[in-house]
Amino acid sequence: MSAKIIGFDEKNRRISTQQLLQQVYAALEQGETEFEITSSGHHDIGGPLWTEDGSPLKFRVKNPGQRVGSFALDGTEIVVEGSAPADAGWLNAGAELTILGDGGDTTAHCAASGNIYVAGRVGTRSGSLMKHDPAYDAPEFWILKNTGSFSFEFMGGGIGVICGYGCDDLESVLGDRGCMGMVGGTIYVRGPVKGLSDDVWMLGLDDADRKFLKEKMPVFLDKIGRKKLFKELTDFGQWQKIVAKTYEERQVRSRKTMHEFRLQNWVEDGGIFADVVKDDYTHIAGLVNAGDDRLKIPQWQDKKYGAPCQVSCPSAIPTQNRINLLRAGKVQEAMEYVLNYSPFPASVCGEVCPNLCMDSCTRQFIDKPVGMKELGRLSLDAKSPQPKEASGKHVAVIGGGPGGLSAAWQLRLEGHNVTVYEADEEVGGKLRQVIPTDRLPENSLQSEIQRIKDLGIDIEVNSPVDEKKFEKIRKDHDAVVIASGAHNPVVIPFPGHERLVKGLDFLKEVNRGNRPKVGENVVVIGAGNAGMDVCLGAYAMGAKKVTAIDIQRPAAFKHEIDHFIKLGGEIKWPVFTEKVDAKGLWTKDGELLEADMIIISIGERPDLSFVPREWLTDRGMMDVDECWQSVHAADVFAIGDTIKPGLLTHAIGQGADAAKLIDDFLAGRELEPVYKPEVIPQSCLSKELFRPQNRGRFCIDDAKNETARCLSCGTCRDCSMCLEACPEGAIQRVDLEDGGFEYVSDDEVCIGCSICAGICPCGIWAMETVV
């Protein structure tokens, strides 16, 4: 039997909300757990309530007021017969709320757990501020029809499902300006969508998404009594997924002006005088002093700091050490040295890398940066290091792109058996699939891939990984690295987006030699480096005119843009797309860019449907800690675009770091994040000691001659200038037993004059002020 509660007194007058809720509380104290409530706009029915023995509570409510089910707890089930006004399910904390009609404004507002099912439509700002506490199941918000405007604004977590049933005549089943400020969670939507916030991406469904909807849809339809709609609503060709952009994708960076930099970075707060120091005058120091009377003491700090090239390199290659080997005449050792950090010195460092190392090279302040590309190409035929003794451990790497091969390379060098599972017919990832051969010579890449294979790494091509295979791989291996990259192109859902050609698919066809057909007049959406590759590919396939557009300053590197413009290409920015039709691309300013082919190249997302859904972040990336280790499975690590969009070199560097961490994991050692050294301050370097070359006549004939130009920032180049310049002869060079060396200052002779620090070209000598 259910406790029947009516919102009217014996004279048929409406009682207050407080009086009605007191009746509920009284019945609850008497042991009632099921309630039939006939309300008259009474608010706050259904929560937060609980029983002492944990028995579930059930409410069946007619004509409720605001906030039905607000704060409702786990174990509470509420069914509203008909529609509900505003704030239904507000701050839901675990209850199941079913509305057998429409929901008012702000339905499911701030929901943190539990499920809310609506048999009709919901009002404005519904689903806003939904969140997910990882300690509990994510909240789910199911809507049969559509939402009002501003839906899911500031959403931080949870799942929304908008079925769009009977809404084909609407412009958007999410109303206007949906998902404003969204930073997390996932929204599945069926039907037309327009006016979405720029804070989100709209993507197609993957296998995990389809599985989720297929499993949960019958539950929803059963709750609202519409089981017959199952077949219609599980036609997944009509569904799309909305996820939040990453923090990096939402940022538009701008450089500080010199005035701002001077005020914010150079000018320090506070006065110019130190505190007064008392002196008992028991010891009077002379004008020039040695020993303990010096005001400053020199410290030889070899390798305390990292060179700018090393710190800026995503693979952390210490080029200064490589050049020191060349300086010592150890050419072969220098060529092989880089293989300890990357298996792709020639094809990546020497060809396709944006060379962030050169952008930060100290030599650029003298004439031109050190030739990192030329140095990289020297290692094309270098022999690989010998692996350590076999460990008996077996590691699987899913994905044979640059990140996966980097991890496999380093793991093999540590003595572990490695198997790479690659879905394509050959390893290499985007290096092989999408980068044009005029940027990456085929023989360079093939030589380095062969060197990887010759190291003894097992490679299984044509081996895509699904859920079943992933579980088998985990069972058969001691650790797993997920390095499957990002191969799902992002598409903006403006009208006519179905006409777009995806840039990644286009480049893959070009590199396969299939010569995809292009129009005479091509527009490319996206002017990053990948966009420039698409533009060059379009020209190579026969396009007569190619125009690239972007919403901000083109992110491609200058030499890529210059090459494109030299071919006759044009770049326009800022340009915002309104729609695409048979005539071409229409901008929000009403301008028509005529085109018979439009290609979009604004980034990709990973397909991780083979791992359990709970292993992923709200943005669909692998959820890992600072050691690239899955927070849900200790034997699984993830790198590259599966955790965060980045450059090829980021994936290579993360692969090397992950291999070191996996080696520790397999040995039972505690994992510690890999950090780069602090970069040496420019003020420590004596750039004036180097004679600049004429920039107009500058060229690199032999990369080995770069030894004369490299400053060896932060690493002693053994030039002996400090030893020769010391006026007191206090410095001597000492050979070490391991074959190394160090320079030592004699405290009894040194007068702390700082000449050694001033003359050192590498910033090795530093003066420590005596306190």
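Tyr 117, Trp 142, Tyr 188, Phe 212 and Phe 220 form one aromatic cluster. This is a predicted model, where local features need pLDDT of at least 70, side-chain atom pairs count only at pLDDT 80 or more, and totals for chains, interfaces and linings use all residues. Residues are numbered from 1 along each chain as its sequence is written, and side-chain values use heavy atoms, with hydrogens and water left out.

## Aromatic rings

Rings of Phe, Tyr and Trp (its six-membered ring) pair if their centres lie within 6.5 Å. Planes under 30 degrees apart count as stacked, over 60 as edge-to-face and the rest as tilted. The structure holds 15 aromatic pairs. One of them joins Phe 71 and Trp 90. Their ring centres are 5.3 Å apart and their planes stand at 85°, so this pair is edge-to-face.

Where do these two residues lie? Helices (H or I, at least four residues) and strands (E, at least two) are DSSP runs, numbered from the N terminus. Phe 71 is in the loop between strand 3 (57-62) and strand 4 (76-81). Trp 90 is in the loop between strand 4 and strand 5 (93-99), so the pair ties together parts that are 19 residues apart in sequence.

Phe 71 has 38% relative accessibility, so the residue counts as partly exposed. Trp 90 is partly exposed too, at 25%.

Trp 300 and Phe 741 form a tilted pair, with 6.3 Å centre to centre and 55° between the planes. Trp 300 belongs to strand 12 (residues 296-300) and Phe 741 to strand 29 (residues 741-745), so this pair ties together parts that are 441 residues apart in sequence. Phe 741 is partly exposed, at 22% relative accessibility.

## Charges over rings

A charge sits over a ring if NZ of Lys or CZ of Arg is within 6 Å of the ring centre and within 35 degrees of the ring normal. The charged end of Arg 125 sits over the ring of Phe 150, 4.5 Å from its centre. Likewise, the charged end of Lys 579 sits over the ring of Trp 586, at 5.7 Å from the centre.

## Salt bridges

A salt bridge is a side-chain nitrogen of Lys or Arg within 4 Å of a carboxyl oxygen of Asp or Glu. By this rule the count comes to 43 salt bridges. The table gives some of them.

| Lys | Glu | N to O distance |
|---|---|---|
| Lys 223 | Glu 96 | 2.8 Å |
| Lys 216 | Glu 140 | 2.7 Å |
| Lys 211 | Glu 467 | 3.3 Å |

Lys 223 lies in helix 2 (residues 207-224) and Glu 96 in strand 5, 127 residues apart. Lys 223 is partly exposed at 29%, whereas Glu 96 is buried at 19%.

Lys 216 is in helix 2 and Glu 140 in strand 7 (residues 140-143), 76 residues apart. Lys 216 is partly exposed, with a relative accessible area of 29%. Glu 140 is buried, at 10%.

Which parts does the pair of Glu 467 and Lys 211 tie together? Glu 467 lies in helix 15 (residues 467-476) and Lys 211 in helix 2, so the pair ties together parts that are 256 residues apart in sequence. Glu 467 is partly exposed at 37%, and Lys 211 is partly exposed at 39%.

Salt bridges that share partners also join Asp 206, Asp 209, Lys 241 and Arg 613 into one network.

Terms used
Buried < 20%, exposed > 50% of the residue type's maximum accessible area, 1.4 Å probe, protein only.
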